[in-house]
Amino acid sequence: MSAVTVFVPKDAAAVSVGADDVAVALSQEAQNRGIDINLIRNGSRGLLWLEPLVEIETPSGRVAFGPVSTSDISGLFDAGFLSGGDHDLGQGLTEDIPYLAKQERLTFARCGVIDPLDLTAYESHGGLVGLKKALELEPSAIVEDVTASGLRGRGGAGFPAGRKWETVRKESGDQKYICCNADEGDSGTFADRMLMEGDPFTLLEGMVIAGRAVGADTGYIYIRSEYPHAIRALNDAVSSFERANLLGKNILGSGQAFIIHIRIGAGAYICGEESSMLESLEGKRGQVRAKPPIPAISGLFGKPTVVNNVLTLATVPYVLANGGKTYSAYGQGKSRGTQPFQLAGDIARGGLVEKAFGVTLRELVEGFGGGTRSGRPVRTAQVGGPLGAYIPETAFDVDMDYESLAGSGAMLGHGGVVVFNESVDMARQARFAMEFCEIESCGKCTPCRIGSVRGKETLDKIIVGEDLEKNLAVLEDLCVLMTDGSLCAMGGLTPMPVTSALKHFPEDFGLARQAAE
Amino acid sequence: MQEPDEKRAVLKVCQDHGSRPENLLEVLHAVQAHDGYLSDDSLREIATCLNLTRAEVHGVASFYHDFRRVPPGKTVVKICLAEACQAVGCDALKEHAAQALSTDMGTTSSDGEVSLEPVYCLGNCALGPAVMINGVLHGRVTPEKLDSLVSRASS
Ligand SMILES: Cc1cc2nc3c(=O)[nH]c(=O)nc-3n(C[C@H](O)[C@H](O)[C@H](O)COP(=O)(O)O)c2cc1C
Ligand code: SF4
Ligand code: FES
């Protein structure tokens, strides 16, 4: 028998629940039994509740087993799992698991499928097609294709990527930059991390294409220090790309030059805000810059700069390879393409769900997510990170796209969905929003720096029922002030979780239900 | 006073980074990786090497949560206190940790054995509560699991 190929993810989430130990135990057990296996450490498929998810390559496709722990290994061998034998942990063909089968994986097509650092596998799974096309196209034609795709920034603000690129492309000057925002600070989000660990070449390919499109020869990836696995993966991926002449002075002999530097953040949420990130990349305190000028005109070291999120850039190779029109066929309204949603918190089947815009929140939480992990009823979900709204379970039929969410007083942000059960105290969640803003404020403007402290203190009083009416008035006043008077969305959006909690769950603030509605 | 040796080490880190002020964060990371924290002497040395004022270097070192001005405990336990982990009980885990390790959140135990620190999201939000111990990420951490992880890390 030739060696059976076995996949055990090395994604940080999988490793956090024992994937490394499982990989070691598996190799050991195979050796003990005199069986030859070919072990591949892939990225994660994003079915995180099944991690560590072990896959076996069989003639009919890859078969999944999970969640596997070291104590299951000998039983799996006994059951003949290497030839697809039956076992309690068996999940059938991976591609047929409904959670995965019902997704539209464009950006994450290769994530969890291949060895993330195997360039040959990358190419045989469609990698580099986009780049090779781009190297033949005029820069303006690349930008046009990205514009036609309708791709919008996945970092939170949803600004059309093509329009940003066009601004930078038209700027004169011989030094321009591509800065990839890999700060992913939002609680409940991990798609950037999964992609950087599971398919880092896609991100690099996207950056090279962006460089050609706007006339930039240097890129930076600003990645948060909390992601050691992703940092290692990126470093290795950049080295591979350099060796393969996919980065350097003359990429694939095209005359196009591009290099990528990796820079590590230092634990500041605000450094995900683009101008703060640029300050940090310049070695300074991560203080937000006043706009204008926008980074596209005066960004890193004062030069025209494209700042894009990991997912935005990692989607570009798909767009170039398949055409902007193909990508824009997914989605609805002004929200084109797919969004990698991330299901987190108290959820039975947490993980990554890449779907065309328009899937409902209910389908994500109940259909994909299977309700809570605890088994208690769902009460609310916070969508879009720490600055996003709390949406009550009764309003889960909302479509997940930029406009529909905005229409119901919420926002998509980076696509995180954090589920809470009935035991959540919404006044405490509101307090946390203010506290988080206090901890992470860059301190540049008063509404945010002082407002968050006052907001937290006021909520403390509300929580113990002190002068309720008066303090609620103070809180609402503060929220208006922060929304209207803050320099950036940190202070400007912190009121969103606070006011949504208050609006939908007045009883948690000591109010009668109708009174606030 | 700092030993000349350490002074040389800081100087070397700066030179490795081209003694360029825009590499200040990387220099701070590297010096902290070497010494465990950023001493007053190190900051002074860095300022000289990068041609920055001490105020500028201090300003950067104090802005970012990662940089330490005092030595950490032998074992550093970071517990995620952000929303997705709140939804699965990180508050109870935090209280358990503070009691079991006899350390308040954000401090180092008096015997210097362990530092207990908050962190806001480790990107493991579907498998919370998430904890990082000496740089190693763990998921679905119950109080019992925390105890065994900490004792393994510190033994
Ligand atoms: C407080 C704050 C934090 C942010 N954090 C991130 C982040 O972690 N990652 C990110 O890509 N964008 C983040 N953004 C959005 C960026 O400012 C910027 O819009 C984005 O990086 C642009 O890339 P995109 O157009 O591809 O989304 C944040 C914004 C604010 C106000
Ligand atoms: S809103 Fe907050 S984070 Fe943004 S610039 Fe003002 S103080 Fe800084
Ligand atoms: S919220 Fe705890 S790991 Fe993301």
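# Close-up views of a predicted model

**Figure 1. Chain B as a whole.** Of the contacts in chain B with a separation of 6 or more, 58% are between residues 24 or more positions apart. The model shown here and in the other views is predicted. Chain B contains 7 helices and 5 strands. Their order along the sequence is α-α-α-α-β-α-α-β-β-β-β-α. Along the principal axes, the C-alpha atoms of this chain fill a box of roughly 50 × 30 × 25 Å. Chain B has 155 residues, and 49% of them are buried. The chain exposes about 7200 Å², of which carbon and sulfur atoms supply 50%. Its charged side chains comprise 14 positive and 21 negative ones. The centres of these two sets are 3 Å apart.

**Figure 2. The residues around ligand 2.** The shell around ligand 2 holds 13 residues. Those that come nearest are A:C442, A:K444, A:C445, A:C448 and A:C488. Sorted by class, the shell consists of 8 nonpolar, 4 polar and 1 charged residues.

Figure 3. A:G491 is part of helix α20 of chain A, which spans residues 489-493. Is A:G491 buried or exposed? Its relative accessible area is 1%, so A:G491 is buried. A:C448, one of the residues that come nearest to ligand 2, is 43 residues away from A:G491 in sequence. In space, the C-alpha atoms of A:G491 and A:C448 are 4.5 Å apart. Leaving out residues up to four places away in sequence, A:G491 touches A:C437, A:C448, A:M482, A:T483 and A:S486.

**Figure 4. Helix α12 of chain A and what covers it.** Helix α12 runs over residues 274-281 of chain A, and 8 of its 8 residues are buried. The buried residues are A:E274, A:S275, A:S276, A:M277, A:L278, A:E279, A:S280 and A:L281. Which elements cover them? From chain A, the cover includes helix α8 (161-170) and the strands β6 (177-182), β7 (218-223), β8 (259-264) and β9 (305-309). Chain B also takes part, through its helix α2 (24-35). Just after α12 of chain A comes A:G283, with a positive phi of about 85 degrees. The loop between α12 and β9 of chain A holds A:P293. A cis peptide bond joins A:P292 to A:P293, with omega at about 0 degrees.

**Figure 5. The loop between β2 and β3 of chain A.** This view shows two residues of the loop, A:P52 and A:L53. The loop lies between β2 (37-40) and β3 (54-58). A:E51 and A:P52 are joined by a cis peptide bond, with omega at about -10 degrees. A:L53 counts as buried because its relative accessibility is 1%, and buried means under 20%. What does A:L53 contact, leaving aside its neighbours within four places in sequence? Its contacts are A:F7, A:V8, A:P9, A:R45, A:A64, A:F65 and A:G66. A:L53 and A:A14 are 39 residues apart in sequence, and their C-alpha atoms are 7.8 Å apart in space.

**Figure 6. Two leucines of chain A with positive phi.** A:L128 has a phi near 75 degrees, a positive value in a residue other than glycine. A:L128 sits in the loop between helices α5 (119-124) and α6 (129-136). With a relative accessible area of 4%, A:L128 is buried. A:L252 also is not a glycine, and its phi is positive at about 50 degrees. The loop that holds A:L252 lies between α11 (228-243) and β8. How is A:L252 classed by its accessibility? A:L252 counts as partly exposed because its relative accessibility is 39%.

**Figure 7. The aspartate A:D425 in its loop.** A:D425 is found between β16 (416-421) and α17 (426-440) of chain A, in the loop that links them. Its relative accessible area is 32%, so A:D425 is partly exposed. A:D425 and A:L364 are separated by 61 residues in sequence. Their C-alpha atoms are 23 Å apart in space.

How values were computed:
Residues are numbered from 1 along each chain as its sequence is written. Chains are lettered from A and ligands numbered from 1 in the order in which they are written. This is a predicted model: local features need pLDDT of at least 70, side-chain atom pairs count only at pLDDT 80 or more; totals for chains, interfaces and linings use all residues. Side-chain values use heavy atoms; hydrogens and water are left out. A residue is near a molecule or strand if one of its heavy atoms lies within 4 Å of it. Ala, Val, Leu, Ile, Met, Phe, Trp, Tyr, Cys and Pro count as nonpolar, Asp, Glu, Lys and Arg as charged, and the others, Gly among them, as polar. Helices (H or I, at least four residues) and strands (E, at least two) are DSSP runs, numbered from the N terminus. Buried means under 20% relative accessible area, exposed over 50%, partly exposed in between (1.4 Å probe, protein chains only). Contact means heavy atoms within 4.5 Å. Accessible areas come from the Shrake-Rupley method with a 1.4 Å probe; for residues, only the protein chains shown count as cover. Lys and Arg count as positive and Asp and Glu as negative; His and the chain ends are not counted. The place of a charge is taken as NZ of Lys, CZ of Arg, CG of Asp or CD of Glu.
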